Amino acid sequence: HCLNLEFTEEKLGQAEKTELDAHLENLLSKAECTKLWTEKIMKQTEVLLQPNPNARIEEFVYEKLDRKAPSRLNNPELLGQYMIDAGNEFGPGTAYGNALIKCGETQKRIGTADRELIQTSAINFLTPLRNFIEGDYKTISKERKLLQNKRLDLDAAKTRLKKAKVAEARAASEQEVRITQSEFDRQAEITRLLLEGISSTHAHHLRCLNDFVEAQMTYYAQCYQYMLDLQKQLGSFPSTFLSNNNQSSSAPVQNVSAPSVLASASASLPSVSNSIVTSGFSELKSLSGSRKARVLYDYDAANSSELSLLADEVITVYSIPGMDSDWLMGERGNQKGKVPITYLELLN
């Protein structure tokens with residue numbers, strides 16, 4: 001209560017106020033700022049890694065209790081499971097059923113990569129950040145509060161000394177100021193030492209940030225590889241896709257003026273829907289003779305019957321009767337071999 005009164009008097013300008021030195025003030029604001037942003041980054045990283053708030057709270061609670069959270073399927077795993085079940089129901093022998101199963105398996109692999117990202121990030125990034133907020137920063141706050149109290153004690157003693165008229169009262173007040181001053185100085189020193197540790201906190205958190213980036217990089221590289229593999233697998237039967245489409249009442253895929261679509265759509269990544277791509281080459285199939293084609297992406301030949309390709313080179317391509325519809329014969333100088341049409345852009 002006395003402290004509150006002292007604080008109020010100070011605010012009203014009636015009492016002494018001992019100023020903290022500028023260095024200490026700087027350190028205090030740096031600590032405050034570090035705590036604020038560390039908390040924001042930590043919370044938003046948790047949201048990024050686990051967007052579902054209920055699952056997030058549950059995982060956090062289990063982590064506190066040091067128990068294993070009940071393993072539930074995450075979103076990609078669940079989607080993967082539905083796709084696999086649907087594919088089996090439609091028939092793994094059908095083009096669509098087969099594709100669903102392959103997609104489902106890839107979604108599940110992405111789900112596993114998700115789990116690994118969450119786990120690695122929690123251990124290497126989130127935990128150190130949380131430890132700072134719940135550990136070091138709590139200690140700093142406690143010592144800072146103590147410093148505030150010691151400062152108010154010192155200010156009160158100085159005010160009493162100012163008001164003391166009688167000699168004995170002055171002597172007693174001077175003694176009190178000496179004691180409270182030394183206690184304040186000691187507490188300021190303790191607080192300063194703790195606050196200077198914030199620089200090493202930044203250095204530590206920088207290492208943790210690098211670990212987080214590393215984990216994300218691994219995750220995205222894995223996902224990209226999984227999708228690339230899936231796309232190659234799906235690319236191995238677009239001919240069946242096409243015959244499927246022909247049976248359906250509307251076959252929009254067939255009406256596309258293909259080479260122009262190919263040129264624009266394929267310019268980004270090999271993510272063009274194979275059915276559209278394949279229809280684009282149907283006009284090539286009907287042509288006798290050869291055409292020039294630009295290679296869109298590197299391709300490594302799987303065996304000696306295929307031709308390896310380098311992005312941006314121009315090769316000669318032609319069709320052979322009875323050949324699988326998603327391959328063409330490619331020629332470069334005296335080398336020849338099968339090439340996947342999804343990797344090519346026809347030139348007029």
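**Helix H7.** I began with burial along helix H7 in this predicted model, and I found that the buried residues include Ile 198, Thr 201, His 205, Cys 208, Phe 212, Ala 215 and Tyr 219. I then looked up the span of H7, which covers residues 198–234, and noted 53 Å from its first C-alpha to its last, close to the 54 Å expected for its 37 residues at 1.5 Å a residue.

**Salt bridges.** Searching the whole structure, I noted 14 salt bridges. I looked up Lys 150, which forms a salt bridge with Glu 183, with 3.5 Å between the closest N and O atoms. This pair links distant parts of the chain, since Lys 150 belongs to helix H5 and Glu 183 to helix H6, 33 residues apart. I recorded Lys 150 as partly exposed at 23% relative accessibility, and Glu 183 as partly exposed at 36%.

**Around Arg 192.** I found that Arg 192 meets Glu 189 in a salt bridge at 2.5 Å, N to O, and meets Glu 196 in another at 2.9 Å. Because Arg 192 and Glu 196 are 4 residues apart in helix H6, about one helical turn separates them. I wrote down that salt bridges with shared partners join Glu 189, Arg 192 and Glu 196 into one network.

**Strands S3 and S4.** Last, I checked strands S3 and S4, which pair in the antiparallel sense over 6 bridges, with Gly 330 having Gly 337 as its bridge partner. The two strands form a hairpin with 2 residues between them, and in the turn I noted a positive phi of about 60 degrees for Gly 333.

Terms used
Residues numbered from 1 in each chain as written. Predicted model: local features only at pLDDT ≥ 70, side-chain atom pairs only at ≥ 80, totals over all residues. Heavy atoms only, no water. Pairing = 2+ DSSP bridges. Expected span 1.5 Å × (residues − 1). Buried < 20%, exposed > 50% of the residue type's maximum accessible area, 1.4 Å probe, protein only. Salt bridge = Lys/Arg side-chain N within 4 Å of Asp/Glu carboxyl O.
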